[in-house]
Amino acid sequence: MRALPLKSWAGQRITYPPSTTAYDNKQDNAESVMQHYMTNNIINPVDDNRRMDDIILDVNQMRGDTISWQSRYKNLAEELAEISLLSGLGWNVEIDVDKEKYVFKVLEGRNLSANQSILPPAIFSPEFNTLGQISYTESELNYRNYAVVAGQGEGVERRIVEVGESSGHDRYELFVDARDVSEQTDDQYPAARTPEEIEADLTNRGTQKLTEYEKEVYLEGQALTKSRLIYEQDYNLGDIVSLQNREWGITRDARITEVKEIYEPSGKRIELVFDNSRPTLISKIKQELSSIKAEITR
């Protein structure tokens with residue numbers, strides 16, 4: 001039996017902008033930005049029909065670097081996932097039995113790799129009987145490490161920002177159309193934004209896009225039901241663990257980015273995804289469309 005996780009509720013909403021601005025803009029630490037979009041679209045939206053009762057926010061610990069984000073009619077779950085990819089923070093919706101509520105939590109994984117000595121390491125390996133199966137794929141087909149980000153303007157007057165430091169044969173360039181980055185403040189009395197503010201947003205957009213075009217390394221494995229590593233005790237979603245397959249000569253540290261609990265007549269099993277999940281045809285199409293998308297109007 002396969003059941004959707006509670007966090008799938010976020011996939012039922014898109015991000016509505018305020019009635020007075022084209023985009024819902026938020027600049028703050030990553031945790032506050034994630035809570036902002038969750039609040040505006042599920043917990044306390046302007047339209048009560050969009051509210052999902054009994055979902056509350058966890059205590060905001062102000063974690064993550066400061067980011068500047070803007071969103072307009074995008075899938076909420078996908079937006080939260082992109083912020084997670086940029087910040088290294090995860091998120092989930094969990095049950096609080098005492099409060100009888102569902103709690104939106106931002107998660108910061110522990111470093112359980114073999115290279116640290118503070119916490120007991122979690123090493124997933126067929127040799128250690130902690131991993132039943134492991135698949136490994138590495139590809140540089142879509143790799144990009146240098147972004148040319150174009151804001152508003154036409155021709156030679158268009159504002160351009162470049163993100164990256166690579167050169168020569170090691171430089172893989174990507175064009176990012178960011179004409180939706182506003183050059184005016186989004187309030188009742190718009191005023192011109194400073195060049196520094198605009199360029200900071202363009203740089204942030206370029207950094208976000210480059211995270212979508214990193215070297216593709218996909219690691220997936222099935223944790224053994226009878227293992228010395230117990231889910232939610234010895235490791236959890238968001239933790240950095242070590243993976244090893246001596247037969248392949250592979251040892252690397254990776255973050256657990258997805259945990260699937262599968263219940264079958266034969267019992268429960270756990271499937272883990274480390275770092276990036278393998279792209280599907282739909283995700284690839286979305287990636288391509290995002291580079292040529294037109295402004296959504298209403």
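Tyr16 comes out at 32% relative accessibility, so it counts as partly exposed. This is a predicted model, and here's a quick tour of its aromatic contacts. The count comes to 6 aromatic pairs.

**Trp9 and Tyr102**
- Trp9 and Tyr102 make an edge-to-face pair, with 4.9 Å from centre to centre and 80 degrees between the planes.
- This pair links distant parts of the chain: Trp9 sits in the segment before β1 (24-29), while Tyr102 belongs to strand β5 (residues 101-107), 93 residues apart.
- Trp9 is partly exposed because its relative accessibility is 24%.
- Tyr102 also lands in the partly exposed class, because its relative accessibility is 28%.

**Tyr16 and Tyr73**
- The ring centres of Tyr16 and Tyr73 are 5.7 Å apart and the planes meet at 70 degrees, so this is an edge-to-face pair.
- Tyr16 is in the segment before β1 and Tyr73 is in the loop between β3 (66-71) and α2 (76-87), so the pair ties together parts 57 residues apart in sequence.
- Tyr73 has a relative accessible area of 18%, so it counts as buried, whereas Tyr16 is partly exposed at 32%.

**A ring cluster**
- Phe124, Tyr231 and Tyr235 are joined into a cluster by ring pairs.

**Charges over rings**
- Lys7 lies over the face of Trp91, 4.2 Å from the ring centre.
- Arg171 does likewise with Tyr146, lying over the ring face at 3.5 Å from the ring centre.

Conventions:
Residues numbered from 1 in each chain as written. Predicted model: local features only at pLDDT ≥ 70, side-chain atom pairs only at ≥ 80, totals over all residues. Heavy atoms only, no water. Phe/Tyr/Trp six-rings, centres within 6.5 Å; stacked < 30°, edge-to-face > 60°. Helix = DSSP H or I, 4+ residues; strand = E, 2+ residues; numbered from the N terminus. Buried < 20%, exposed > 50% of the residue type's maximum accessible area, 1.4 Å probe, protein only. Lys NZ or Arg CZ within 6 Å of the ring centre and 35° of its normal.
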